[in-house]
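The sequence and structure are shown first.

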Amino acid sequence: MAKTVEHHHAHHFDSHDHEFDASKQGMWLFLLQEVLFFSGLFVAYFIFRGLYLEAWIEGHTYLSIPLGALNTAILILSSLTMALAVSAAQMGENRKAAWYLIGTLILAGGFCVVKAIEYTGKFSHGIFPAGMMEHEFSNPKTPLFFSIYFMMTGVHAIHVLGGMVAIVWLIRRCFRNEFGSNYYTPVELVGLYWHFVDLVWIYLFPMLYLTT
Amino acid sequence: MSAGHGDNYLNHTTGLKSWLFTLDHKRIALMYLFSILFFFLLGGVFAVLVRLELMQPGHQILQNADQYNRFFTYHGTIMVFMVVIPMVPAILGNFVLPMMLGAKDVAFPRLNLASYYLYMAGALLAASALLGKGVDTGWTFYTPYSIRTSTGANFVLMGAFIMGFSGIFTGMNFIVTIHKLRCKGLTFGRLPLFVWASYATSIVQILATPVLAITLFLATFERLTGIGIFDPNLGGDPILFQHFFWFYSHPAVYIMILPAMGIISEVIPVFSRKPIFGYKAIAAATFGIAVVAFLVWGHHMFVSGQSNFANFIFSLLTMFVAVPTGVKVFSWVATMYKGDIRFDTPMLYALAFLFVFTIGGMTGMHLATLATDIHLTDTYFVVAHFHYVMVGGSLFGFMAGLHYWFPKMFGKMYSEGSARVAWILIFVGFNVTFFPQFILGSQGMPRRYFDYLPEFATLNMVSTIGSWFISAGFLFAAVYLTRALISGPKAESNPWDSKTLEWQTSSPPPHENFEGDVEVTEGPYEYHPA
Amino acid sequence: MSDQNHEHHILTPKMALKIWAALMVLTAVTVAVAQLDFGALSLVIAMFIATVKASLVLLFFMGMKYEGYQNRAIFGASFVFGLIFFVLTSVDIFTRSIARPLYVEGYSKDKPLIVAAETGPKFVRPWLVTPELLALGKKTFDANCVVCHGASGKGDGPAGGGLDPRPRDFTIKAGWKNGSSRDRIFYSLTNGLGAMPSYAGETAATRWGLTHYLVKAFFSSDPGKVTHAQLKSLGIDPNAAGPAKVKKIPVDFAIELMSTDG
């Protein structure tokens, strides 16, 4: 196994651990604000669901539970591969980490493909956000359901894409043997972010696809 | 790497690139200073134009009501998002906070630089609307008008979205810095109150700003594709937009005031030569305000169509914020009692703050009370109230901090005589501008109106004249401060004889803030009257 | 203050696989449970299962189990404030239809202010059908009522879709909450019913016109003329000659009518 490249911690920290602790806390703070960012969408969802339950029930019948469940399985598996990548990086096994990250990337790509299939399916049936809606529904408020569906899954998908960019960056650094027990911070931080993206979907799936 | 004689952060490296790509929190603070002052000037120009239009009834200098709508929108948007919200944290917080902690920098210097560039990118994007069709929705962007208006609202919505991340990253940076980079001996109980204030502000920033982000995002998509959740034509609720908007914008006003209060907590003990009264109470009250800030946003919506029950709840909760605020005001006054008071410029601004902020805060009670708010809402009473707390509060606090830390930041001293002249112009001008607006509002003059009934003419004339005094005061301040930078006398490292850590190093500070290691053995306010 | 060098917890592949398996099982459970109907509880159950899954991800994959109090407080705080956002917004949205009690002197729901309302010079006894009243009724119906009750009077108007219960189907005899005789229709219009606001702000002639139009356009059989006893129970003096005295509606009442409509 090639020797891990030595990492020099920033001058204002006392040690590698000091830097790692600070960086990790920074990521937890970032995830805090992500929770609040998504909370706006969750509030909109629950408010309109409370007001127009019939519309929500009608809307969800247009969503494919098998595709949604598939995406859920894909993301959960990607969390596994990401967790294994972090563990590998922690032990200095850069090659292994790189391959787990590649697996995560492929799964993330798969998620996006399924999403694209769902979206194009909707568009071909004339289902768009409310302002562009072409399809007729029996409940006049059902277009609102789809607006919220597109916003929630769309914003989530943007986060998936962002995560994919970060994972590519990590793969590159793994192939340069940059990580080891002293320094694996970037892998840890991207890992936290990625699990959070999975976490959001864990709620989106039942809320959007399984409402009864 | 020890600093050579005369080596400080300003001359440590030279060249434009060393500034544009700097990771030094002190240089980033200065870049923010010049950017924010530029936007302050721009926002101020629009204010003066608005007041010129309102000088007399009827048409004055503006072409029509639409242009008036644009001008007050620009004034509000620029002042809120580009000036007052970032002002104290980005400039004084960035410069002073790490030094008060005995640290060499903030936790994430590269993130800090990114914060600055996000601020600039967002501000320029928002300002680019000025070059096109402009925006006429008011800084509050209420739907459905903001969905329908054909003006350049998208630029401002997206510009504010980007600027929001600047604030979020700064907040993240400060929290981790305070948690992880305190020097030896600096326990939480020995933190200067400016640090406590910055801490609470940062927490509010990271909790509230993302909700603004999603609101702006959804509003933009409402305009682009039609979403419907805020648009009654598609089955949505415009009042829901107001909930989303004010969930951020009310805590935002505490982002504006808490750091300024932190400055007051620093200045008063130093210039009274007395320990701060009620250190723990002030720190606790700061956090109390930060928490209550999130429970009261509906008081901006009393007549919007919000339910009666919600109106009652929000009015009740709003009353509570007066308690921790009062604790702080009384503690500051008690600090001065039997102190050896020196009326240097920072103290003059702190005293002005106490007077003006108290008026602003008390008039908040008139607005919090449901029955009186029905009459006062959307009148000039509200305009006067928020200018008293935001200008009189945040801006005067900033001026106190700027004059307090000026010698530390630049190693030069300004002319005290000139500073006092500017202070008089600003303090008197401010009250002449805004006090009449309380009266105008309670007599029924609506806000955001291009014109008004003849009975309001006299006080409007008075208010406009006041605006000229404030402008003169700030312009003069720019003059004497610039003069101090260029040719002012050299300042000592601790001209105010203050006990906090930033004063225990040279002025200007060296690149890494301190020579050698720093250790703290006592609290920051151990002053004892002679 | 720097932290001591401490052991960083490493998640073993075995543990990671166990968590993954648990998450897959719970996903299958949530899909299966969604096929059954638990009514309002369905959402609660689904959210509960999602929270269990989220907790597994949070505690083990994200390492929260091994974090100190600072990072736990940070993440916990985000949910607290997200909840505040939802709760206080709901406090507004879901209490909008609760009407305030009306503080208009002399007014009560059982004694509508119909006598006070102007009938207009042409309509002396508007409870008697005339062509002018029918025309007024049709005009008013088309402008105000079609949106919920539909042009066919079957309660299928576009705005009525989201209402529960749905707007009255005028063509059906059964299930009229207040009754379907002319005086009862007038009563419903005056006091409001369900999601329909009170139309006491319209003149009495308008309300009678609507009543007559409803009967003519949608009823299969005529419920008959309004009797004197019925008029008295509505608070109307059947012997009043000429236009009724004009009394202004109190401002508070007017504001009430404008603001209590959901």
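## Polar contacts and the salt bridge

In this predicted model, 10 residue pairs, both members at pLDDT 80 or more, are in polar contact across the interface of chain C and chain A. On the side of chain C that touches chain A, the elements giving two or more residues are α1 (13–35), α2 (41–61) and α3 (69–93) of chain C. Of these, α3(C) gives the most, with 13 residues.

The interface of chain C and chain A also holds 1 salt bridge. Glu67(C) pairs with Lys24(A) in a salt bridge, and their closest N and O atoms are 2.4 Å apart.

## Extent of the interface

Chain C brings 52 residues to the contact, and chain A brings 49 residues. About 4,500 Å² is buried between chain C and chain A, with carbon and sulfur atoms giving 73% of that area. Within the area that chain C buries against chain A, 14% is supplied by His8(C), Met62(C) and Ile74(C), more than by any other three residues.

## A nonpolar patch on chain B

On the surface, a nonpolar patch is formed by Leu16(B), Leu20(B), Phe21(B) and Tyr117(B). Together these residues have about 420 Å² of accessible area.

Technical notes
Residues numbered from 1 in each chain as written. Chains lettered and ligands numbered in written order. Predicted model: local features only at pLDDT ≥ 70, side-chain atom pairs only at ≥ 80, totals over all residues. Heavy atoms only, no water. Patch = residues over 30% accessible without salt bridge, like charges linked within 9 Å, V, L, I, M, F, W, Y side chains within 5 Å. Areas by Shrake-Rupley, 256 points an atom, 1.4 Å probe, with all protein chains shown as cover. Salt bridge = Lys/Arg side-chain N within 4 Å of Asp/Glu carboxyl O. Contact = heavy atoms within 4.5 Å. Buried area = accessible area lost by both parts, 1.4 Å probe. Polar contact = N/O pair within 3.5 Å; in protein donor to acceptor, adjacent residues only side chain to side chain. Helix = DSSP H or I, 4+ residues; strand = E, 2+ residues; numbered from the N terminus.
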